[in-house]
Amino acid sequence: MVARSDTGSDVLIVGGGVIGLAIALELRLRGATVTVLTRNFNEAASHAAAGMLAPQAEKLPPGAMLELCLRSRSLYPDWTQKLETLTGLPTGYWSCGILAPVYESESDANVCASTAANLAAIQPPPPAHWLDRVTIHQHQPGLSQEVIGGWWYPDDAQVDNRLLTKALRAAVCDAGVAWRESTTVQKILQRGDRVLGVQTANGTFQAAHYVLATGAWSQDLLPIPVQPRKGQMLSVQVPTGATLALQSVLFGSEIYIVPRQDGRIVIGATSEAVGFTPENTPEGVQALLERATRLYPALHSLPLQEVWWGFRPATPDELPLLGASPYGNLTLATGHYRNGILLAPATAQLLVDRILHQQSDPLLDAFHWSRFKAVL
């Protein structure tokens with residue numbers, strides 16, 4: 001157990017996105033006193049995501065990242081149920097499965113359509129099922145006639161990231177976490193290998209232990225290689241009274257189409273190395289619409305509801321920074337890139353075990369900050 005600070009909380013979390021919130025709630029439910037500092041809650045990447053829980057559809061290679069993502073996905077049903085029980089708010093968790101159609105022009109499609117031996121050679125981790133042309137169009141009517149087959153991942157799922165973030169914020173506040181909105185951390189104060197506090201325009205905050213969960217803005221406080229990757233997104237709306245034809249997520253070529261149970265359909269996302277350049281662009285929105293309507297032509301006629309953008313925190317190897325930092329009482333929880341929503345429950349569980357009980361799961365070794373030591 002961390003030693004309680006005489007001047008603050010047991011743990012101070014810098015960052016109020018889904019990762020910081022998930023860690024804060026887990027700490028509080030285990031008895032720690034917690035303060036969360038957030039610069040602008042509405043700018044967190046959590047609001048700009050699609051909420052896919054897709055370690056298989058993403059085709060992550062075997063290794064620590066896939067293991068971490070699969071573990072986190074397995075936690076989601078109970079985790080979201082707990083949140084809904086605590087707050088009375090929905091999270092939009094939906095075990096809808098994910099369908100990954102392929103076009104005839106795509107390289108792996110020709111392999112898939114050839115022989116059973118070749119198909120077995122590229123088989124993703126189970127359970128995953130190859131659907132041929134006839135089967136995939138029966139499974140999901142309305143797909144483009146260019147689709148010649150695809151992979152069905154029944155265990156992949158989705159959550160409504162906006163509902164989830166709202167429920168998490170309510171849960172941490174109800175649990176007694178000290179929430180400090182509009183509080184920008186300007187500097188981490190340290191001596192040797194210890195953090196002494198964090199400096200803000202509203203004064204200095206101190207705790208026994210600190211967590212850095214500032215996403216794309218992490219490099220403002222520590223020299224770690226986390227850079228913003230802009231993602232543009234949009235949504236269309238199925239008219240009231242119309243039947244929602246999509247009953248699973250479509251994960252296509254450079255596009256995903258995520259139907260919500262309320263008739264909203266989320267379409268994303270670009271991936272742009274443009275720093276913190278804000279706003280949607282005609283080029284980005286046009287690219288999304290062209291890719292989405294190529295895959296599912298019925299989207300052509302649906303009313304455009306919203307366009308938005310956000311900044312994902314990307315590291316050079318696109319893996320998160322989790323656990324130890326250069327400072328003994330500072331834990332890193334950043335760099336989740338495309339998988340922040342998916343990894344929230346596992347990140348919280350693993351890091352709280354480490355913070356409160358000094359139990360460091362060997363899986364965290366793959367996400368240690370020292371893998372970038374040469375570039376710091």
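This is a predicted model: local features need pLDDT of at least 70, side-chain atom pairs count only at pLDDT 80 or more; totals for chains, interfaces and linings use all residues.

User: Let's start inside. How many residues does the largest nonpolar core have, and which of them have the most contacts inside it?

Analyst: A nonpolar core is a set of buried nonpolar residues joined through their side chains. Here the largest one has 49 residues, and Ile13, Ile23, Leu27 and Leu164 have the most contacts inside it. At least two core residues come from each of strand 1 (9–14), helix 1 (18–29), strand 2 (34–37), helix 2 (64–87), helix 6 (161–174) and helix 8 (340–357). Helix 8 gives the largest share, eleven residues.

User: Which residues does leucine 164 touch?

Analyst: Leaving aside residues up to four places away in sequence, Leu164 touches Val18, Tyr76, Trp79, Thr80, Leu83, Thr91, Val159 and Ile341. There is also a second, separate core of 24 residues, with Leu99, Leu234, Val238 and Ile257 among them.

User: Now the helices. How do I describe two that pack together?

Analyst: Two packed helices are described by the angle between their axes and by the distance between those axes. Take helix 1 and helix 8: their axes come within 8 Å and cross at roughly 40°.

User: Which residues meet where helix 1 and helix 8 come together?

Analyst: From helix 1 come Val18, Ile19, Ala22, Ile23, Glu26 and Leu27. On the helix 8 side they meet Gly340, Ile341, Leu343, Ala344, Thr347, Ala348, Leu351, Val352, Ile355 and Leu356. By type, the residues of this contact are 13 nonpolar, two polar and one charged.

User: What about single residues? Why does glutamate 279 count as partly exposed?

Analyst: Glutamate 279 has a value of 45%, so the label is partly exposed. This residue sits in the loop between strand 16 (264–268) and helix 7 (282–295). Not counting residues up to four places away in sequence, Glu279 touches Lys230, Gln232 and Trp309.

User: And where does glutamine 199 lie?

Analyst: Glutamine 199 is part of strand 10 (residues 194–200). With a relative accessible area of 32%, Gln199 is partly exposed. Sequence separation and spatial separation can be read side by side here: glutamine 199 and threonine 183 are 16 residues apart in sequence and 9.9 Å apart in space, C-alpha to C-alpha.

User: Let's finish with the backbone. Which peptide bond is cis?

Analyst: The bond from glycine 268 to alanine 269 is cis, with omega near -15°. Alanine 269 lies in the loop between strand 16 and helix 7.

User: What is the phi of serine 182, and is tyrosine 337 buried or exposed?

Analyst: Serine 182 has a positive phi of about 55° although it is not a glycine. You will find Ser182 in the loop between strand 8 (178–180) and strand 9 (185–191), and its relative accessible area of 53% makes it exposed. Tyrosine 337 also has a positive phi, near 50°, in a residue other than glycine. Tyr337 lies in the loop between strand 19 (330–334) and helix 8, and at 9% relative accessibility it counts as buried.

Conventions:
Residues are numbered from 1 along each chain as its sequence is written. Side-chain values use heavy atoms; hydrogens and water are left out. A nonpolar core is a set of buried Ala, Val, Leu, Ile, Met, Phe, Trp, Tyr and Cys residues joined through side-chain atoms within 4.5 Å. Buried means under 20% relative accessible area, exposed over 50%, partly exposed in between (1.4 Å probe, protein chains only). Helices (H or I, at least four residues) and strands (E, at least two) are DSSP runs, numbered from the N terminus. Contact means heavy atoms within 4.5 Å. Axes are lines fitted to C-alpha atoms, for helices over the stretch in contact, and angles run from 0 to 180 degrees between N-to-C directions. Ala, Val, Leu, Ile, Met, Phe, Trp, Tyr, Cys and Pro count as nonpolar, Asp, Glu, Lys and Arg as charged, and the others, Gly among them, as polar.
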